[in-house]
Amino acid sequence: MNTMPTAGTDKPTPMMEQFLAIKGQYADCLLFYRMGDFYEMFFDDAVKASAALDITLTKRGKHLGADIPMCGVPVHAADSYLSRLIRKGFRVAVCEQTEDPAEAKKRGGKSVVHRAVVRLVTPGTLTEETLLDARANNYLAVLARVRGAHALAWLDLSTAEFLTARIEAEAIASELARLSPGELVVSDALLAASAVDTSGGEWRQDWAERITPYADARFDSGSGERRLKALYKVAALDAFGDFSRAELAACGALVEYLEMTQVGRLPRLSPPRQVETRETMAIDPATRRNLELTRTLAGDVRGSLLATIDRTVTGPGARLLIRHLSAPLIAPLAINRRLDMVDYFIAGERLRQDVRVTLRQAPDMARSLARLGLERGGPRDLAAIRDGLTAAHDLGRLLAAAELPLPPEGITAAARDLGRHDALVDELSNALAPEPPMTNRDGGFIAAGYRPDLDELRGLRDASRKLIVGLEGDYRQQAGIDNLKIKHNRVLGYFIEVAARRAEGMMAAPLNEVFIHRQTMANVVRFSTVGLGDLERRIAESADKALALELELFAELAAAVLAEAEAIGQAGEAMAALDVAAANGEMAVTGRFCRPVVDDSQAFHIKGGRHPVVEASLTARNQGAFIANDCSL
């Protein structure tokens, strides 16, 4: 049933008029319309969301003579509802109040609070911890075709890593299977062409549920080149790579799609890095599924090769291991570089264990950095950067003190990229409270002693609150009521509450000259006084000033972090590389794996080979040991 409004003579209320105007700009999305502590949905949006989320469908007023369907979700729990909607294929436009309701009231009693969409939530643009798998990438990919040539551009918005590659038409399916993007953006023209392509259009069917059509005009290679130059403030892109026209089109469309979904608020994106697909093994989708590299045929991680061999202890390390498994190297030199790193950690057992213990304490800096860049970060993201950089410094000391032979190239590079960030770590350590809250909206995340002016405001606020206790005692004595209490809620602020049976005397002279009646309820009556009102204003003013200063300090700290974003990103990547190498070393030791000899010959010889997944399954079921096999080709 279509419940969206159509043209008619009924004039909607100012609030509904605002909703309809905003909804008209985002017709293909559910509109989360902020009203106080709830995101409300109306008309068809409410009908669809109530069914998808299994929440109550109610109604609010009428439009064109019919009831307006409505449902809502609390703001504090919005992430969990967003997650369920995104998994069911919806896109959500988040519309926030961009004005204080008090300011709206100044324009007149019927004035509506200004609202605007601040973000489109789509499957490929998630950044919240609660919406993401910490141990897997969530890629937004763009597929472009220019003059018969194809290219992919992709990034994980939660880490800001930006990549691109030229691909042949027949390799599209295998590349998409390797990336497994959460969302695939494709031009209308390419979608139409793939629908009639009997030779290479199978990717369209495989990814139909994750495809987002995008206007052909967004895929202009010239516009893409100009957009990239403007984004990175460069006159030429030569320093980043020799990009084909198709790659420029894909990268430009990806950046424009991000600007659209993030409503102009782009994160810090690393420069696009070209991936040479010829350096990795191409695996067609059917083979990939049957190999069960990262998921079983049933779609589960458990039982896959990944689940069997993954010994990583960090989210970034786990994501890097998946990338290694999904795109096996084919060059002996590159393979042996990775094996050299594993060998190093096998030889240094104490180093391996110390590195793994240190990494376990390291937060996911990449995702915290991305949230801060999108202005969605909170105090705990600043703490994650502090703790992550502290772990990076500890890892650097461990590697420098290792009593082992000369480290291989990969270990040396990782040690270099860990870097030093002492000044930033010290600043964050001094600034942040020991256990900062998740969000910054309520304050309380700046440590005492960091800023004397903030401490002074907090002192005024807290001293005023203590006066409330003394005032309560005075009022009890004045009214002669022992159980009189001063309470607080968000609607009334501070008020005096007494049992209804004791309130009569307070509403008669002479007490009614002191106690001002505010509200009568079933069992209690509520009052205020001039003194209580004055004290409340003092508390509110000092609390508001303290919060405003905390928010200023948060912005300054976030800016200091983002100023070092590139170096922080390098440190995070180095930690992920060390995690994978140490984890593979641990697996090799505990699983009795040996290093293969990899060269350019055509020989393939295995002696006493064991299948890790089958062996693990036999062990788990107590079905005996795996019988080793030899193989020569």
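Predicted model: local features only at pLDDT ≥ 70, side-chain atom pairs only at ≥ 80, totals over all residues.
I found Phe604 in the loop that runs between α21 (565-591) and β17 (605-609). What does Phe604 form together with Ile606 and Leu633? I noted a nonpolar patch on the surface, and the three residues together have about 300 Å² of accessible area.

**The sheet with β13 to β16**

Next I looked up an open sheet of four strands, and I wrote down the order as β13-β14-β16-β15, with antiparallel pairing. Which strands stand at the edges? They are β13 (485-489) and β15 (516-520); each has a single partner strand, so one side of each is left without a neighbour in the sheet. From one strand to the next, the twist averages 40°.

I then followed one pairing in detail. Strand β14 (residues 493-499) and strand β16 (residues 524-528) run antiparallel to each other and are joined over four bridges.

Helix α20 (residues 530-563) lies across β13, β14, β15 and β16. Relative to β14, α20 runs at about 145°.

**Arg115**

My next stop was Arg115, which I located in strand β6 (residues 115-121). Is Arg115 buried or exposed? I have it as buried, because its relative accessibility is 14%. For buried, the cut-off is under 20% relative accessible area.

I listed the contacts of Arg115, leaving aside neighbours within four places in sequence. Among them are Gln18 and Ile22, then Tyr33, Arg34 and Met35. The list also includes Cys95, Glu96, Gln97 and Thr98. I checked a distance too: Arg115 and Tyr257 are 142 residues apart along the chain, and their C-alpha atoms are separated by 22 Å.

**Salt bridges**

I marked both Arg91 and Glu183 as buried.

Then I turned to Arg227 and Glu259, a salt bridge whose closest N and O atoms are 2.6 Å apart. Arg227 lies in helix α8 (residues 221-232) and Glu259 in helix α9 (residues 245-261), so this pair ties together parts that are 32 residues apart in sequence. I have Arg227 as partly exposed, with a relative accessible area of 25%. Glu259 is partly exposed as well, at 28%.

Asp354 and Arg350 make another salt bridge, with 3.2 Å between the closest N and O atoms. Why are Asp354 and Arg350 separated by about one helical turn? Because they are four residues apart in helix α14 (residues 349-360). Asp354 is partly exposed at 26% relative accessibility, and Arg350 is exposed with a relative accessible area of 64%.

I also noted a network: salt bridges that share partners join Arg218, Arg227, Glu256 and Glu259 into one.

**The whole protein**

I finished with the totals. The secondary structure comes to 22 helices and 18 strands. Taken along the principal axes, the C-alpha atoms fill a box of roughly 105 × 65 × 60 Å. Of the 633 residues, 46% are buried.

For the surface, I have an accessible area of about 32400 Å², and 52% of that belongs to carbon and sulfur atoms. My last entry is about contacts between residues at least 6 apart in sequence: 67% of these join residues at least 24 apart.

Notes
Residues numbered from 1 in each chain as written. Heavy atoms only, no water. Patch = residues over 30% accessible without salt bridge, like charges linked within 9 Å, V, L, I, M, F, W, Y side chains within 5 Å. Areas by Shrake-Rupley, 256 points an atom, 1.4 Å probe, with all protein chains shown as cover. Salt bridge = Lys/Arg side-chain N within 4 Å of Asp/Glu carboxyl O. Helix = DSSP H or I, 4+ residues; strand = E, 2+ residues; numbered from the N terminus. Pairing = 2+ DSSP bridges. Axes fitted to C-alpha atoms, helices over the stretch in contact; angles between N-to-C directions. Contact = heavy atoms within 4.5 Å. Buried < 20%, exposed > 50% of the residue type's maximum accessible area, 1.4 Å probe, protein only.
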